[in-house]
Amino acid sequence: MKRILAIQGSPKGSGGNTDVILQEFLKGAQSKGARAEMIYLKKLNIGHCTGCYGCWVKTPGKCVLKEDMANILEQIRRCDLLVLATPVYVYSMTSLMKAFVDRMLPLIEPHFVKEGNSYKDPSRYKRKYNTVLISNCGFPDVRQFDALRHNFRLREEFGHSVVVGELLMPAGVLLKIEGLKNLLADHNKAFFQAGVEVVEKGRILPETERTVQKLVFNPEVFLQWPTGYGMKRLQQQGI
């Protein structure tokens, strides 16, 4: 697994908590010889899918919209690992990432097949791409990732990709608080280790995923202040 394409879907770009996790993951992968390319969706011109189905009828496998998505689709086809990184926004992915995922439609064939009790559109290309999902949320419980995880697992179930790991960090807002660096040392090591594992072993190990999901303090502390304000209080107190 040498070629990694990382798609970062946070509106904050390189300044957000999602990017903290992603950059450490990529450092781990690169330490084992992987080549990584970063794409920040906020910097590109990628419009919403219009549902015209031109990529199925007029120009099979290619979107009829003339902007930045066409080149990315080619990069997806060539990569060994696709990393999709998005914070949780209202129990799901950001609008930037949703638009990107929708625009991957040209990679799918325009006909139904049946497997068991499920109907699906098969992939246009035989070669499946491995995927790692990276996310963080402000809430202190992993259930906030359920809708996001379900979306990506359905893509795997329907044969479009193979999910080889998830780095899901609850209370990810803590990553940017200076006074918590020591408490989050295990998390940062796990982000890096996940990159090492996905190159050496082909997937992120379950114990590494569990480390990322581990809370460093009692989640009841979140109930003491309104959302957002509580994080400022924590930062002021160096907690």
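Start with two helices: α1 passes α6 in a right-handed crossing, where a crossing is right-handed if the near helix is turned clockwise from the far one by less than a right angle, and left-handed if anticlockwise. Helices (H or I, at least four residues) and strands (E, at least two) are DSSP runs, numbered from the N terminus. This is a predicted model, in which local features need pLDDT of at least 70 and side-chain atom pairs count only at pLDDT 80 or more, while totals for chains, interfaces and linings use all residues. Residues are numbered from 1 along each chain as its sequence is written, and side-chain values use heavy atoms, with hydrogens and water left out.

**Stop 1: α1 and α6**

Select residues 17-30 for α1 and 185-200 for α6. Their axes come within 6 Å and cross at roughly 45°; axes are lines fitted to C-alpha atoms, for helices over the stretch in contact, and angles run from 0 to 180 degrees between N-to-C directions. The two helices are therefore oblique to each other. Angles under 35 degrees count as roughly parallel, over 145 as roughly antiparallel, 65 to 115 as roughly perpendicular and the rest as oblique.

Now show side chains. On the α1 side the contact (heavy atoms within 4.5 Å) includes Val20, Ile21, Glu24 and Phe25. Among the α6 residues that meet α1 are Phe191, Phe192, Val196 and Val199. The residues of this contact divide into 10 nonpolar, three polar and two charged. Here Ala, Val, Leu, Ile, Met, Phe, Trp, Tyr, Cys and Pro count as nonpolar, Asp, Glu, Lys and Arg as charged, and the others, Gly among them, as polar.

Stay in α1 and pick threonine 18. Is threonine 18 buried or exposed? At 2% relative accessibility it counts as buried; buried means under 20% relative accessible area, exposed over 50% and partly exposed in between (1.4 Å probe, protein chains only). Leaving aside neighbours within four places in sequence, threonine 18 touches Ala85, Thr86, Pro87, Ile134 and Asn136.

**Stop 2: α6 and α7**

α6 passes α7 in a left-handed crossing. On the α7 side, look for Thr208, Thr211 and Val212, which meet α6 residues including Asp186, His187 and Phe191. The residues of the α6 and α7 contact divide into four nonpolar, four polar and two charged.

**Stop 3: the sheet**

Which order do the five strands of the open sheet take? They run β2-β1-β3-β6-β7, with parallel pairing; two strands pair if DSSP finds at least two bridges between them. The edge strands, each pairing on one side only, are β2 (35-40) and β7 (161-169). Neighbouring strands of this sheet are turned by 20° against each other on average, direction ignored.

Zoom to β1, residues 3-8, which pairs with β2 over six bridges. Isoleucine 4 stands opposite alanine 36 in β2. Then move to β6 and β7, which pair in the parallel sense over eight bridges; isoleucine 134 is opposite leucine 167 in β7. β7 is mostly covered, with eight of its nine residues buried.

Bring back α5, residues 146-157. It lies across β3 (81-85), β6 (129-136) and β7, running at about 165° to β7. α6 also packs on the sheet, touching β3, β6 and β7, and its direction makes about 170° with that of β7.

**Stop 4: α4**

Select residues 95-102 for α4, where Met97, Ala99, Phe100 and Val101 are buried. The buried residues of α4 pack against β1, α3 (69-78), β3 and α5.

**Stop 5: loops**

In the loop between β2 and α2 (54-57), pick isoleucine 46. It counts as buried at 18% relative accessibility. Beyond its neighbours within four places in sequence, isoleucine 46 is in contact with Leu41, Glu67, Asp68, Met69, Ile72, Phe100 and Arg103.

Most residues other than glycine have a negative phi. Tyrosine 53, in the loop between β2 and α2, has a positive phi near 60° and is partly exposed, with a relative accessible area of 43%. Finish at valine 90, in the loop between β3 and α4: its phi is positive, about 50°, and at 74% relative accessibility it counts as exposed.
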